Each structure stands twice: as C-alpha cells, then as structure tokens.
Amino acid sequence: HLAVDDEVLSVPPGSEPACRALMASRQADHRGLLGSTKRLNVNYQDSDGFSALHHAALTGTTALLSALLEAQATVDVKDSNVEFAADSVLMLLRSGASVNGVSLDGHIPLHLAAQYGHYEVSEMLLQHQSNPCLVNKAKKTPLDLACEFGRVQVAQLLLSSNMVVALLEGERKEPTDSAYTTPLHLAARNGHKDIIRLLLKAGIDINKTTKSGTALHEASLYGKTEVVRLLLDAGVDVNIRNTYNQTALDIVNQFTTSHASRDIKQLLRDATGILQVRALKDYWNLHDPTALNIRAGDVIMVRCGKVGSERWLLRVSNTTGCGGMKVERLK
C-alpha cells in the first residue's frame with residue numbers, strides 16, 4: 001500500500017502527463033477502486049504531512065493541481081505549515097478549500113502568508129473572507145506575525161482592513177494569558193521601526209502593557225536602541241512598571257550589559273530626568289539626621305534640572321532635607 005501511494009509523490013514536479021497516466025491506470029482498475037490493497041490513495045501524506053496536492057501547490061504547478069483535483073484529492077488535508085504560490089491558492093479556494101482552515105499548529109492560511117510576507121496571497125485570502133483576528137496556538141494573529149517578522153507590506157494591508165480596530169485591540173486575546181502580546185511589542189522586540197510607525201499611525205495604544213511591560217520594556221531588554229528612541233519621541237510613558245514592578249530602565253540596569261544597553265540607559269535616564277552625577281563638595285546637615293550625607297567625589301543618581309552646560313542644580317527625589325547641591329554630570 002505504501003509503495004503504491006509513494007508512486008504519486010515520486011512523480012517529478014510539473015510532470016502533469018505522468019501524473020494523469022498514473023491515476024488513469026489506477027482508475028481503470030475498478031477492483032482497486034473498490035478496496036484492493038493496490039488502491040491509489042491520492043490523499044496519502046508523506047513523513048512531513050504533505051500530500052501530492054501539497055507538493056503540486058508548493059511548486060506552483062497548476063496543471064498538476066488540476067489533475068489531482070479531478071482525481072478527488074482532498075483540498076483540506078491537515079498538514080504541517082506550508083506556504084503556496086498565489087495561483088495555487090486561488091485554484092484551491094475555487095475548489096472549495098476552507099479559507100479559515102486550521103493547520104496542525106493552529107495556523108490559518110493567512111497566518112503563513114503574513115509570516116512569510118506574501119502580499120498577493122494575503123490579499124487574495126482577505127478577499128475570500130479570511131478572518132485576520134483568528135489566533136494560532138501561540139495566541140498570535142496574522143498581524144502579530146507580520147509585525148514580528150517585519151513584513152511591512154502585509155502589515156499595511158492588514159491595517160487597512162475593516163477589522164483594524166479589532167486587530168489593534170486584540171479582541172480575541174486574553175490580557176491575563178501568559179502568552180499575551182501585541183503587534184507593537186513584537187515589532188519593538190525585533191527592531192522593526194517601519195512597522196512601529198505604521199502601528200502608531202493606525203492608532204495602537206503605545207502604552208499597552210503585557211506582563212513584561214510596554215513595548216519600551218521589550219525594546220530596552222532586546223537592545224533595540226533606535227526603537228527606544230522612536231518610542232520615546234512618540235510619547236511612550238517611561239514610568240510604567242511591568243508585573244514585576246520594573247520600569248524599562250530597571251530592566252536595562254538589571255539584565256543587559258551590551259554597548260547598546262549603555263546608550264539605552266542614557267536615553268531612558270534623560271527621558272525620566274534621572275542622571276548619574278558626582279558631588280563636587282561635601283554635603284550634610286548636622287541638624288537633620290534624615291538628610292543626605294554626601295562626600296565630595298561620591299557618585300549618586302538624581303532627578304534634576306539643568307542650569308549650565310556642565311554644572312547642574314539638583315534635588316534628589318523622594319529625599320527629605322537634601323536642599324540643593326553642586327555636582328558635575330558624568331560623561
């Protein structure tokens with residue numbers, strides 16, 4: 001049985017006459033069609049889960065696809081994730097393939113088209129009423145995947161759909177889910193600035209939080225300096241804390257040591273008004289035991305307002321009795 005089924009898969013790509021001949025020879029044998037062990041199984045799947053129809057679609061061989069469809073090949077055989085050419089997709093849709101059929105990994109065709117950046121296929125699927133709000137097993141929508149992998153054209157296409165509000169709000173997602181994320185978080189983590197600009201223009205909430213925090217937390221943790229700069233310029237709130245009570249600056253201070261992280265630290269410090277400075281002289285208050293006790297040369301973190309190009313008049317936040325002091329900013 002296996003050897004006979006493998007005959008279908010062994011036909012070279014594009015060999016439509018050979019495929020037709022093979023199926024005709026099997027179909028001519030009525031006893032085989034009625035259940036013989038030599039019966040041709042046109043829907044046989046190989047070790048990767050691919051049927052002959054999958055292979056024909058992958059190679060974009062429409063004539064071979066047509067021959068297999070005439071032989072009653074099933075258009076919705078479950079498979080691993082496969083991406084098809086636009087002509088193949090159109091033929092399968094016209095033959096009754098489910099536009100929202102789910103693969104073994106929970107993807108609908110639009111998930112894969114978005115992930116791999118196939119604009120024409122994505123457009124065709126949307127025209128055939130594919131639902132862009134459906135989530136896969138990883139709780140991601142097609143827009144999430146387009147943003148994660150930097151597929152700008154597909155992301156723009158999805159953001160122009162009539163379901164854009166639902167996509168941006170994640171109406172099919174549960175914020176308390178450990179896997180919960182947003183398109184903005186995924187784009188920020190992977191450094192896709194053009195995608196971020198599209199999302200912001202479309203009206204996504206720049207301060208939307210997951211358990212990990214905002215998109216600023218993601219960009220900071222993954223060392224995406226230019227994304228951090230972009231988000232800060234767009235007005236992201238630098239003081240938002242994640243479920244672990246950490247700001248973006250806390251995360252950079254705790255988890256990262258790269259050159260990029262040093263630049264990010266400075267960007268975040270500037271945005272929050274926090275600077276690392278060195279005291280120029282001793283400072284203490286003998287009449288107030290709660291006051292600061294600082295020696296010349298001590299390095300401290302402060303919130304400040306600039307007075308001159310090199311010297312700063314500072315007030316240490318949340319500290320009583322500190323007054324003002326002269327310091328120099330560390331380079």
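Guide: Let us begin with Thr182, which lies in the loop between α11 (164–169) and α12 (183–189); helices (H or I, at least four residues) and strands (E, at least two) are DSSP runs, numbered from the N terminus. This is a predicted model, in which local features need pLDDT of at least 70 and side-chain atom pairs count only at pLDDT 80 or more, while totals for chains, interfaces and linings use all residues. Residues are numbered from 1 along each chain as its sequence is written, and side-chain values use heavy atoms, with hydrogens and water left out.

Visitor: Is Thr182 buried or exposed?

Guide: Buried means under 20% relative accessible area, exposed over 50%, and partly exposed in between (1.4 Å probe, protein chains only). Thr182 counts as buried because its relative accessibility is 5%.

Visitor: Which residues does Thr182 touch?

Guide: Contact means heavy atoms within 4.5 Å, and, leaving aside residues up to four places away in sequence, Thr182 touches Asp144, Lys173, Lys208 and Thr210.

Visitor: What share of the contacts in the protein chain with a separation of 6 or more is between residues 24 or more positions apart?

Guide: Such residues account for 62% of those contacts in the protein chain.

Visitor: How many helices and strands are there in the protein chain?

Guide: The protein chain has 17 helices and 4 strands, and buried residues make up 44% of its 331 residues. In helix α8 (residues 119–127), for instance, Val121, Ser122, Met124, Leu125 and Leu126 are buried, and α8 is followed by Gln129, whose phi is positive, near 70 degrees.
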